[in-house]
Amino acid sequence: MPVNMVELEETWTEKSFYDKPLTIWLGEERCDEKDSLLLDIFTAASIGCCQRVKDILKEDKNASSLKNHGGWTGLMYAAYYAHSDVINVLLEANASVHLRNGNGCNALMMAVMCGNDYGVEILIKAGSILETRDNRDWTALFHAVNSGHHTVVETLLKHRANLNSCERTRGMTPLMYAAQLGDATIVSLLLRGGAVVSLTNHQGHTAGRIAQDAGFPDIAANIAQWDLPGLSGPSILDGPAAVEVRRTHQQPQTPRGRGSVVPCVDNASIQPTDLETLLDQIGLSSYMSIFREQDVDLQIFLTLTDQDLKECGIQKLGPRRKMTSAIARWHSNAPLRSTAECAYADKLEVEMQELGVKLTQALHSLHQTKTQVNQENDLRVVTEGWVVEARGRLHECHQRCQMLIEQVAAVRRCTSVLCAQASLGKLPLIQPTLISTIVDTLTMIAAQADTLMALTDPSVPRGPSNPSSPRKQGYRSYPSTPR
């Protein structure tokens, strides 16, 4: 008989049912044990078969970190379907809480989506990062607001989730989404937790404006009350963070710095108006005497670089880095107090400055390289012109050497005829010694002409070591260049 699904739901937690093959879940009457398919860790975790999960982990200790084709782990399934006992078993087996599926969601986000309060608690205590973002750029608090789970929102706020986090695509915050969905309870929770009502999305709309446009005037009025001094807001019981945020709203600051940067709301809302106050806020008031000696006021201080601070006499790296970070925060309209977020922002600012310096150096090097290449191209053009001219002159010289050799050969033939006639007595007036001298001279001229012709032969390769270069020998240039 096939297994009745009602009986199945009543008996699935029994130990005897955990080892049953998957075919029983399909309602088949009989199944061959050889062909049976036992539950894998994903299916077992999704239906809460804790004993089957334990058996799988005994066989394979690494099964707790396995992913299926969708990128889901057993911990994600257990968190999504709120099987707390399976979550505990997987965490004891060192299942990673940081793994994410194809949508970028981790196990904490799965627990948040289904409203699993206990799963959210134990996953946070296990080290899950609250500010992890999925492919939509949402944190766990965004999913809690979108799902409408009030208790989960309270749990996340209790563990200090960033309720002013902003998604990068639209600039929306959790308060804006809650206002858009019309969830008055979550809106009140976020307001009491210290949500900033003056933040705007990329369209320039606040949470109150979004609630009004969505057709929730009561929520818009509630948000507007939190933006007015003295009406409603956090009390002493809500803690110092909420009180500080409330005090911040009562002292609005005019944005300065880059473009339309939205002022960062933090517990360091008061911007100093003099250098001594600024140094006191960052804990470096002991260096005020150095700046007095150098006649450095706040305006000049905000233009100093790390090298300038070193020249002023501040040799320690720590104070210099704090000062440069404070200068960068001032120009970016960021808070001056030291928090984890500010430290991360300072790190990014330093990296941006370093990249800017490297970019400037690279552009300068590129300009120098282009200038050098242009000079070398000009030199190459001049050199090629000189080579063409030199080869033309060399060719002309070679032709003249050929003509000279032919003329010397003709003179030698005439001299030979004269010598023959003199030997026969036909030329009694010519002395034999004179003829001999003429012959020797012509022989030497012919030898020198042969040598010059060899040196000026255009078919012979020329190089720097060739002594026949007209530049090295100081030959005068010809008035015209043969082409």
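Visitor: Which residues does S165 touch, not counting residues up to four places away in sequence?
Guide: This is a predicted model, in which local features need pLDDT of at least 70, side-chain atom pairs count only at pLDDT 80 or more, and totals for chains, interfaces and linings use all residues. Residues are numbered from 1 along each chain as its sequence is written, and side-chain values use heavy atoms, with hydrogens and water left out. Contact means heavy atoms within 4.5 Å. With that cut-off, the residues that S165 touches are E131, R133, T139, F142, M172, T173 and P174.

Visitor: Is S165 buried or exposed?
Guide: S165 sits in the loop between α11 and α12; helices (H or I, at least four residues) and strands (E, at least two) are DSSP runs, numbered from the N terminus. Buried means under 20% relative accessible area, exposed over 50%, and partly exposed in between, with a 1.4 Å probe and protein chains only. The relative accessible area of S165 is 3%, so S165 is buried.

Visitor: How many Å apart in space are S165 and L141, C-alpha to C-alpha?
Guide: In sequence, S165 and L141 are 24 residues apart. In space, the C-alpha to C-alpha distance between S165 and L141 is 9.0 Å.

Visitor: With which residues is T173 in contact, leaving aside its neighbours within four places in sequence?
Guide: T173 lies in the loop between α11 (150-158) and α12 (174-181). T173 counts as buried because its relative accessibility is 4%. The contacts of T173 are F142, N164, S165, C166 and L199.

Visitor: What covers the buried residues of α11?
Guide: The buried residues in α11 are V152, V153, T155, L156 and L157. Their cover includes α8, α9, α10 (140-147) and α13.

Visitor: By class, which residues make up the contact of α12 with α13?
Guide: α12 and helix α13 (residues 184-193) pack at about 155 degrees, their axes 8 Å apart; axes are lines fitted to C-alpha atoms, for helices over the stretch in contact, and angles run from 0 to 180 degrees between N-to-C directions. That makes α12 roughly antiparallel to α13, since angles under 35 degrees count as roughly parallel, over 145 as roughly antiparallel, 65 to 115 as roughly perpendicular and the rest as oblique. P174, L175, A178 and A179 of α12 meet I186, V187, L190 and L191 of α13. With Ala, Val, Leu, Ile, Met, Phe, Trp, Tyr, Cys and Pro counted as nonpolar, Asp, Glu, Lys and Arg as charged, and the others, Gly among them, as polar, the contact has eight nonpolar, no polar and no charged residues.

Visitor: By class, what does the contact of α7 with α9 have?
Guide: Helix α7 (residues 84-92) and helix α9 (residues 117-125) pack at an angle of about 15 degrees, with axes 10 Å apart. That makes α7 roughly parallel to α9. The contact joins S84, I87, N88 and L91 of α7 to Y118, G119, I122 and L123 of α9. By class, the residues here are five nonpolar, three polar and no charged.

Visitor: Is N94 buried or exposed?
Guide: N94 is found in the loop between α7 and α8 (107-113). Phi of N94 is near 65 degrees, a positive value in a residue other than glycine. The relative accessibility of N94 is 67%, so N94 counts as exposed.

Visitor: Is D295 buried or exposed?
Guide: D295 belongs to the loop between α18 (288-293) and α19 (298-301). Phi of D295 is positive, near 55 degrees. At 63% relative accessibility, D295 counts as exposed.

Visitor: How many Å apart in space are K54 and L90, C-alpha to C-alpha?
Guide: K54 is in helix α5 (residues 50-59). K54 has a relative accessible area of 35% and is therefore partly exposed. In sequence K54 and L90 are 36 residues apart, and in space, C-alpha to C-alpha, the figure is 8.4 Å.

Visitor: Of the residues of the protein chain, what percentage count as buried?
Guide: The secondary structure of the protein chain comes to 24 helices and zero strands. Among contacts with a separation of 6 or more, 58% join residues 24 or more positions apart. Of the 483 residues of the chain, the part that counts as buried is 36%.
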